[in-house]
Amino acid sequence: MTIFNMKVGQTGTVRDIEGDPKLAKRLKALGCVKGTQVKVKLIAPLGDPILISFRGFDLAIRKNDAKNIYLNV
């Protein structure tokens, strides 16, 4: 399952980040590494962006990027 497939309020644990290497590097620098718990806080009306919360802060990501963040639910 990816963040893109989650509903508001659902949580999961990061399993892997694929796709754009720059995105993966940026997320890992922010602390979104394997084993980090992530919660979907808000999804914009048209599905883009998606607001996620992890390690005490919120981050808005594009839905194309959310499709590359795989979780264990």
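Two salt bridges are found in this structure, which is a predicted model. Side chains of opposite charge can pair when their charged atoms come close. One of these contacts is formed by D58 and K41, whose closest N and O atoms are 3.3 Å apart. Because D58 belongs to strand β4 and K41 to strand β2 (residues 37-43), this pair ties together parts that are 17 residues apart in sequence. In the other, the side chains of D65 and R62 meet with an N to O distance of 3.0 Å.

| Residue | Relative accessible area | Class |
|---|---|---|
| D58 | 39% | partly exposed |
| K41 | 41% | partly exposed |
| D65 | 11% | buried |
| R62 | 52% | exposed |

D65 counts as buried because its relative accessibility of 11% falls under the 20% limit, whereas R62, at 52%, is exposed because its value is over 50%. Both D58, at 39%, and K41, at 41%, are partly exposed because their values fall between those limits.

Strands of a sheet pair through backbone hydrogen bonds, either parallel or antiparallel. Strand β1 (residues 11-17) pairs with β5 in the antiparallel sense over four bridges, and I69 in β5 is the bridge partner of I17.

Most residues other than glycine have a negative phi, and most peptide bonds are trans. In the loop between β2 and β3 lies P49, which is joined to D48 by a cis peptide bond with an omega of about 5 degrees. In the loop between β3 and β4 lies R55, which has a positive phi of about 50 degrees although it is not a glycine. The relative accessible area of R55 is 56%, and this residue is exposed.

Definitions and conventions
Residues numbered from 1 in each chain as written. Predicted model: local features only at pLDDT ≥ 70, side-chain atom pairs only at ≥ 80, totals over all residues. Heavy atoms only, no water. Pairing = 2+ DSSP bridges. Helix = DSSP H or I, 4+ residues; strand = E, 2+ residues; numbered from the N terminus. Salt bridge = Lys/Arg side-chain N within 4 Å of Asp/Glu carboxyl O. Buried < 20%, exposed > 50% of the residue type's maximum accessible area, 1.4 Å probe, protein only.
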